[in-house]
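This report describes a protein model in terms of its charged pairs, strands, surface and selected residues. Please consult the sequence and the structure shown here alongside the text.

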Amino acid sequence: MANVRVAVRVRPLSQRETKEGGRIIVEIDGKVAKIRNLKVDSRSDGFGDTREKVVAFGFDYCYWSVNPEDPQYASQDVNPPQQHSRP
């Protein structure tokens with residue numbers, strides 16, 4: 001059985017996405033990526049809606065490449081360290 005490690009990188013919005021009113025709906029918390037369901041957030045009452053407002057997914061590695069001034073920023077110009085992959 002293979003040993004698989006999974007990584008996720010949250011990138012900044014493209015110019016087109018920003019122009020069309022796009023928003024970042026993902027946040028990184030350690031090895032967890034949390035995705036906000038904007039359709040649920042926009043409902044005024046939420047009554048009868050069983051969908052989660054935030055869904056969390058665990059990864060081996062999470063990289064935040066949105067804001068260079070953020071202390072957790074991971075540049076997109078640099079590949080993950082070699083220990084993250086095996087030949």
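Lys34 counts as partly exposed because its relative accessibility is 25%, where buried means under 20% relative accessible area, exposed over 50%, and partly exposed in between (1.4 Å probe, protein chains only). Its side chain meets that of Asp29 in a salt bridge of 3.5 Å, N to O; the term denotes a side-chain nitrogen of Lys or Arg within 4 Å of a carboxyl oxygen of Asp or Glu. Asp29, at 45% relative accessibility, is likewise partly exposed.

The model is predicted: local features need pLDDT of at least 70 and side-chain atom pairs count only at pLDDT 80 or more, whereas totals for chains, interfaces and linings use all residues. Residues are numbered from 1 along each chain as its sequence is written, and side-chain values use heavy atoms, with hydrogens and water left out.

**Salt bridges**

Side chains of opposite charge can pair when their charged atoms come close. By the rule given above, the count comes to three salt bridges. They are listed below.

| Salt bridge | Distance, N to O |
|---|---|
| Arg11 and Glu17 | 2.9 Å |
| Glu20 and Arg16 | 3.3 Å |
| Asp29 and Lys34 | 3.5 Å |

The surroundings of these pairs can be described one by one. Arg11 is partly exposed because its relative accessibility is 42%, while Glu17 counts as buried at 19%. In the pair of Glu20 and Arg16, both residues are exposed.

Glu17 belongs to helix H1, residues 15–19; helices (H or I, at least four residues) and strands (E, at least two) are DSSP runs, numbered from the N terminus. The side chains of Glu17 and Arg11 also make a polar contact at 2.9 Å. A polar contact is a pair of N or O atoms within 3.5 Å; within protein, one must be able to donate a hydrogen and the other to accept it, and residues adjacent in sequence count only if both atoms are side-chain atoms. With neighbours within four places in sequence left aside, Glu17 is in contact (heavy atoms within 4.5 Å) with Arg11, Pro12 and Gly22.

**Strands and overall arrangement**

The protein chain has two helices and five strands, and from the N terminus on its elements run β-α-β-β-α-β-β. Two strands pair if DSSP finds at least two bridges between them.

Strand S2 (residues 26–29) and strand S3 (residues 32–36) pair in the antiparallel sense over four bridges. Asp29, the salt-bridge partner of Lys34, stands opposite Val32 in S3. Two residues lie between the strands of this hairpin, and Gly30 takes a positive phi near 65°.

Strand S1 (residues 7–10) pairs with S5 in the parallel sense, again over four bridges. In this pairing Val10 stands opposite Trp64 in S5. Which residues cover the two faces of strand S5 as buried positions? Tyr61 and Tyr63 on one side and Cys62 and Trp64 on the other are all buried, and both faces of S5 (residues 61–64) are covered.

**The segment after S5**

Ser65 is found in the segment after S5 and counts as buried because its relative accessibility is 1%. A polar atom of the Ser65 side chain lies 2.4 Å from the backbone oxygen of Ala74. Not counting residues up to four places away in sequence, Ser65 touches several residues, including Arg9, Val10, Tyr73 and Gln76.

Val66 is also in the segment after S5. At 22% relative accessibility, Val66 counts as partly exposed. The C-alpha atoms of Val66 and Val10 are separated by 6.5 Å, although the two residues are 56 residues apart along the chain. With residues up to four places away in sequence not counted, Val66 touches Val10, Arg11, Pro12, Ile24 and Tyr73.

**Surface and chain totals**

Ile25, Ile35, Leu38, Val55 and Phe57 form a nonpolar patch on the surface, with about 340 Å² of accessible area together. Patches are made of residues with over 30% relative accessible area and no salt bridge: like charges are joined within 9 Å, nonpolar side chains (Val, Leu, Ile, Met, Phe, Trp, Tyr) within 5 Å. Ile35 lies in strand S3 and is partly exposed, with a relative accessible area of 31%.

The accessible surface of the protein chain comes to about 7200 Å², of which 51% belongs to carbon and sulfur atoms; accessible areas come from the Shrake-Rupley method with a 1.4 Å probe, and for residues only the protein chains shown count as cover. Of the 87 residues of the protein chain, 15% count as buried. Among contacts with a separation of 6 or more in the protein chain, 50% are between residues 24 or more positions apart.
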